[in-house]
Amino acid sequence: MKLKSLTIAIALAATSASAFAAEKTEGFYIGVFGDYYDASWKDLNMYQNLEVNESANWGAEAGYRFSDNWSARLEYADMDFNAFLANPIPNGNRDDVDGERYGIDALYHFDGGPFYGLFGVKEITVATDNTFLNAGVGYQHFITDGLFFNAETSVYQGLDRGYTDVNAKLGINYLFGQSSVVEEPVEAAPEPVVATDTDNDGVIDADDQCANTPMTDAVDATGCTVYEEQEVTTSLLVTFPHDLAMVDQKYFDDIAEVAKFLKEFPETTVVLEGHSSAVGEAAYNKTLSEKRADDVAEELIKDGISADRISTVGYGEERLKNEDYTLEAHAENRRVESQLKSVERVKVMRK
């Protein structure tokens, strides 16, 4: 009984030695083992007074791992029992009895891990055949991708004579064509980089060189407002009474608008063209038209336009606007006029 208890303790200690082992997938394996079998058999057939005790054994096994949870194996063990005659006769004592054990086991691997339970059927031949059911627990640990050892203990229950025995087993096996599938710690996936577009102009902040672009503006690849050049114009027309060159006050607002245009486009210059009607001498009319242009120029200067941006020319009656010789035509021809042009950078609106 003490030996049996010690055997169980050793085997259970082996099964709890480690909480880690590599998991394996399907595959065929073979191995060898050594085990200790504790028996208490009496009155075997053919030798009614023969008693059999423990046995030290070696053996071989072959198995197949069907899935993470299930495997099965066949085993063979060569057994060497300690035996003696209960009623000795002269020269009848024996020190040992040879035996054989063979059978099949099914193994259930808990959660696909290193610990397993087993149950099976065994035939043990020692002087006579004895059939046993066995059940137990075990542990396996992979040393390399294919090589592993196992330790287990089982209880054997005889079907023929009701014997109850205990077995402790250590083995080494090799699993063919498989590799460990130890799950590596899963590293958390890096947080996805969110491409932000703070001003919602369609260009991400990392590439945006013009922050806070208005939503109404079309932008280029750098996120900056797209401009296009457009021609802008304004005009001036000042008319004069007969034989006068002084600008009437009613035209001051018109002249101020021209001054504003010139200030908005500082690269622009203005040419003031003076004209007269066909009444009177041509030379006089030419001089009169020059004075009219100069008078308009003075008003622009008063509005803050530099004189070097203003040019005047008098055409007299050379460029009549209305060639009729009537009072209405004469009034239309007594004038100073100008056409101003410039180029403006205008925002392109987003579509």
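User: What percentage of the 351 residues of the chain count as buried?

Analyst: The figure is 39%. Buried means under 20% relative accessible area, exposed means over 50%, and partly exposed lies in between (1.4 Å probe, protein chains only). This is a predicted model: local features need pLDDT of at least 70, side-chain atom pairs count only at pLDDT 80 or more, and totals for chains, interfaces and linings use all residues. Residues are numbered from 1 along each chain as its sequence is written, and side-chain values use heavy atoms, with hydrogens and water left out.

User: How many helices and strands does the chain have?

Analyst: There are 4 helices and 13 strands. Both are DSSP runs, numbered from the N terminus: helices are H or I with at least four residues, strands are E with at least two.

User: New topic. How many disulfides are in the whole structure?

Analyst: The search finds 1. A disulfide here is a pair of cysteine sulfur atoms within 2.5 Å.

User: Which cysteines does the disulfide join?

Analyst: Cys210 and Cys224, with an S to S distance of 1.8 Å. Both sit in the loop between β9 (164-175) and β10 (227-239), 14 residues apart.

User: Is the disulfide right-handed or left-handed, and why?

Analyst: The disulfide is right-handed, because the torsion about the S-S bond of Cys210 and Cys224 is about 80°.

User: Is Cys224 buried or exposed?

Analyst: Cys224 counts as buried, at 15% relative accessibility. Cys210 is partly exposed, at 24% relative accessible area.

User: And contacts? What share comes from residues 24 or more positions apart?

Analyst: They account for 64% of the contacts with a separation of 6 or more. Contact means heavy atoms within 4.5 Å.
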